[in-house]
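Subject: Structure handover

Hello,

Here is the structure we talked about. Please open it first, then read my notes below.

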Amino acid sequence: MDGSNSNKRRDEAPREGDRWMDVRILKETLDCTVCFEHFRTEIYQCSVGHFICSSCRDKILDKKCPTCSIKTSFKRCFGMEHVVQSVAFPCSNAKYGCREGHAYYQKEGHEQVCPYGPCFCPASDCSFTGLTHELLDHLTIYHMSPCTDLPYHGTVALRLEPGIHVLAPRNKGNNHFFMLNMEPERLGYAISVVCVQPNATEPKFTCSMSYDCSGTGYCGSASCQIKSSTLSDGLPTDYDLIPPKRKISGDRKFIMLRITIHQASSVSKSHVKGKGLTSTPLTLFPRRSDDDGDIVCRSCIEGKCPTSSQKLLFPDYSSDDDDDVPSRFERALKRVSLLD
Ligand SMILES: [Zn+2]
Ligand SMILES: [Zn+2]
Ligand SMILES: [Zn+2]
Ligand SMILES: [Zn+2]
Ligand SMILES: [Zn+2]
């Protein structure tokens, strides 16, 4: 190797990948020896050098180190803090494609929202796990479950037979799909709806369902919040709609179901959280009848008004007045700080 070449190499900024090295580390090194919690941002040490987390330090009244019992003033240990920050743990969903690494204390928090979290095949004799879209393919190809595209406006009519029926949103970037399950029970066909997604959260969607038995003229409907699930516990066992068996004529073992799926109501706490406000500005849509206004977010303007449950006509609303109701309301919302 000649000199000019090695000089040139020294001048190059190291590439990001070259700055990291895979190592093994004893996990307890990154835990507080007193409370066994993972070290976070502030770490202190006694005069001998025993580490302690900041909340344990705050609880010590006699100023004695819990490890060596020497009376000491605990000092911040920036060196250890740097080590804790720079040890990157791979996400436990790495086998499903997540390439992120996090400090030990951030690992759990990330995995609760990791988009690479697995979903589970609900068939009792099948152990398939995979990403949301992989499970969708698995259900429709391997188990040959019927599948209906869910259009953007969220309403679809389908022929529902006992078993699983998949509803696939048009936008594949959604990382969720819906699943209907119809099971023959003693008195009727029990129908449940579930949103299949990684990291089951509070419901993000609502749905309304209605059916019509053309033979008997019997009809029924229900509205509900849609549970979200990874299906790790199998199919939901509580039902959202049960058409009575005797009302479904003869040997026809199906019903025609009309289902509308809509994002959960707009100004709930869960909706305001995160990026909801910046990505979906609020808009005022006056009701045609009496011209008073209901406020909904832009993604909710299709279908029913979440506040009045009334079918809305949505005329184009524009106002040059800077202080109209929506912008005042948006400003008020931005000042709201959410308490957990
Ligand atoms: Zn501690
Ligand atoms: Zn000590
Ligand atoms: Zn991850
Ligand atoms: Zn399966
Ligand atoms: Zn909304």
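The zinc ion (ligand 3) sits in a tetrahedral arrangement, because its 4 donor atoms subtend angles of 104 to 112°. Bear in mind that this is a predicted model. The cut-off behind the word is simple: four donors count as tetrahedral if all angles lie between 85 and 135 degrees.

Which atoms hold this ion? The protein donors of the zinc ion (ligand 3) are C91 (SG), C98 (SG), H110 (NE2) and C114 (SG). They lie 2.1 to 2.3 Å from the ion. Along the sequence, these donor residues follow the spacing C-x6-C-x11-H-x3-C. C98 belongs to the loop between strand 4 (89-90) and strand 5 (101-102). C114 belongs to the loop between helix 4 (104-113) and strand 6 (119-120). The pair therefore ties together parts that are 16 residues apart in sequence.

Are these two cysteines buried or exposed? C98 counts as buried, at 3% relative accessibility. C114 is buried too, with a relative accessible area of 0%. Buried here means under 20%.

Next, the zinc ion (ligand 4). Its coordinating atoms are C121 (SG), C126 (SG), H138 (NE2) and H143 (NE2). The distances run from 2.0 to 2.2 Å. This site is tetrahedral as well, with angles of 99 to 126° among the 4 donor atoms. The donors of the zinc ion (ligand 4) are spaced C-x4-C-x11-H-x4-H along the chain. Both C121 and C126 are buried.

Now the charged side chains. Side chains of opposite charge can pair when their charged atoms come close. How many salt bridges does the structure hold? There are 8. I picked out a few.

R57 and D58 meet through their side chains in a salt bridge, at 3.3 Å from N to O. R57 counts as partly exposed, at 28% relative accessibility. D58 counts as exposed, at 52%.

R76 and E81 form another salt bridge, at 2.5 Å from N to O. R76 is partly exposed, with 33% relative accessibility. E81 is buried, at 8%.

R170 pairs with D149 in a salt bridge. Their closest N and O atoms are 3.6 Å apart.

E42, R76 and E81 are joined into one by salt bridges that share partners.

Last, the record. UniProt places the feature "domain: RING-type" at residues 32-69, in an unreviewed entry. In the model, the chain over residues 32-69 is 16% helix and 16% strand. The end C-alpha atoms of that stretch are 16 Å apart.

Go on to C121 and C126 by the zinc ion (ligand 4). Then turn to the salt bridge between R170 and D149.

Best wishes

Terms used. Residues numbered from 1 in each chain as written. Chains lettered and ligands numbered in written order. Predicted model: local features only at pLDDT ≥ 70, side-chain atom pairs only at ≥ 80, totals over all residues. Heavy atoms only, no water. Donors = N, O, S within 2.8 Å, 3.2 Å for Na, K, Ca; no water. Tetrahedral: all angles 85-135°; square planar, octahedral: opposite > 155°, others 65-115°. Buried < 20%, exposed > 50% of the residue type's maximum accessible area, 1.4 Å probe, protein only. Salt bridge = Lys/Arg side-chain N within 4 Å of Asp/Glu carboxyl O. UniProt positions renumbered as here; feature names shortened; annotations may be inferred. Helix = DSSP H or I, 4+ residues; strand = E, 2+ residues; numbered from the N terminus.
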